[in-house]
Amino acid sequence: MARALLIIDVQNDFTEGGALGVTGGSAVAAGITRLLAEHPHRYDLVVASRDWHHGHDDNGGHFAVDAAPDFVTTWPAHCVAGTDGADYHPALNRDAIDVHILKGQGVPAYSIYEGNAQTGDGLTAVLDQAGVRSLDIAGIATDYCVRASALDALRDGRTVRVLTDLVAGVAEESSAKALRELREAGAVLSSSDRE
Ligand SMILES: [Zn+2]
């Protein structure tokens, strides 16, 4: 059964020092690079998403403009298309990525399923073209974009494994809750060292 790795939003703004930096984000970037180097044949396809927002508007209320961000539905400005903050973290080996998906152009978009590849295809089409039924998911943030992406992948009928050593969350409690929710929804929680 063909298997893909989904790398969710491993971008400078979501790692330490970024506009919305998550503790452990840089380690996730380095860990994914190490995983792909040590197991070059584990995945038939590697797909990475990037949050890719407008810089000239609030992206449908996603950016806090006139009030402080609540860090639930409104956020400090982050991942503006084409800026360094929106780029992949330098420790992530971008040469290992087969398909790049952009999401959030003018709208809030937490799931990789809300984005499109350069071809215009969404993730379902990308996976179907490659015959992929099984997904491993890693990235940032456990309690937001990883959660939303994994739930959508389950709804899309894929077998889903969340690599718990290669995710990082905004907050400890909501991350633990998200992992419980994903397990109850049918995802397997696993360390990346398990084949
Ligand atoms: Zn965003």
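Q: So how do the axes of helix 3 and helix 4 cross, and within what distance do they come?
A: This is a predicted model, where local features need pLDDT of at least 70, side-chain atom pairs count only at pLDDT 80 or more, and totals for chains, interfaces and linings use all residues. Residues are numbered from 1 along each chain as its sequence is written, and side-chain values use heavy atoms, with hydrogens and water left out. The axes of helix 3 (residues 142-155) and helix 4 (residues 172-185) cross at roughly 5 degrees and come within 9 Å. That makes the two helices roughly parallel (angles under 35 degrees).

Q: Which residues of helix 3 and helix 4 make the contact?
A: Helix 3 brings Thr142, Asp143, Arg147, Ala150, Leu151 and Leu154. From helix 4 come Ser174, Ser175, Ala178, Leu179, Glu181, Leu182 and Ala185. Contact is heavy atoms within 4.5 Å.

Q: And by class?
A: Seven nonpolar, three polar and three charged residues.

Q: Switching topic: what volume does the largest cavity have?
A: About 140 Å³, and the structure holds one cavity of 30 Å³ or more. A cavity here is a set of points on a 1 Å grid where a 1.4 Å probe fits but cannot get out.

Q: What lines the largest cavity?
A: 15 residues, with Phe14, Leu20, Trp75, Tyr144 and Cys145 nearest its centre; lining means an atom within 4 Å of a point. By class, the lining has 11 nonpolar, two polar and two charged residues.

Q: Last one: is serine 134 buried or exposed?
A: Serine 134 is buried, at 11% relative accessible area (buried means under 20%, with a 1.4 Å probe and protein chains only). Its place is in strand 5 (residues 132-140).

Definitions and conventions: Axes fitted to C-alpha atoms, helices over the stretch in contact; angles between N-to-C directions. Helix = DSSP H or I, 4+ residues; strand = E, 2+ residues; numbered from the N terminus. Parallel < 35°, antiparallel > 145°, perpendicular 65-115°, else oblique. Nonpolar A, V, L, I, M, F, W, Y, C, P; charged D, E, K, R; others polar. 1 Å grid on protein atoms, 1.4 Å probe; cavity = no way out; pocket = protein on both sides within 12 Å on 5 of 7 lines; lining within 4 Å. Points joined across faces, edges and corners; volume = space filled by probe spheres on them. Buried < 20%, exposed > 50% of the residue type's maximum accessible area, 1.4 Å probe, protein only.
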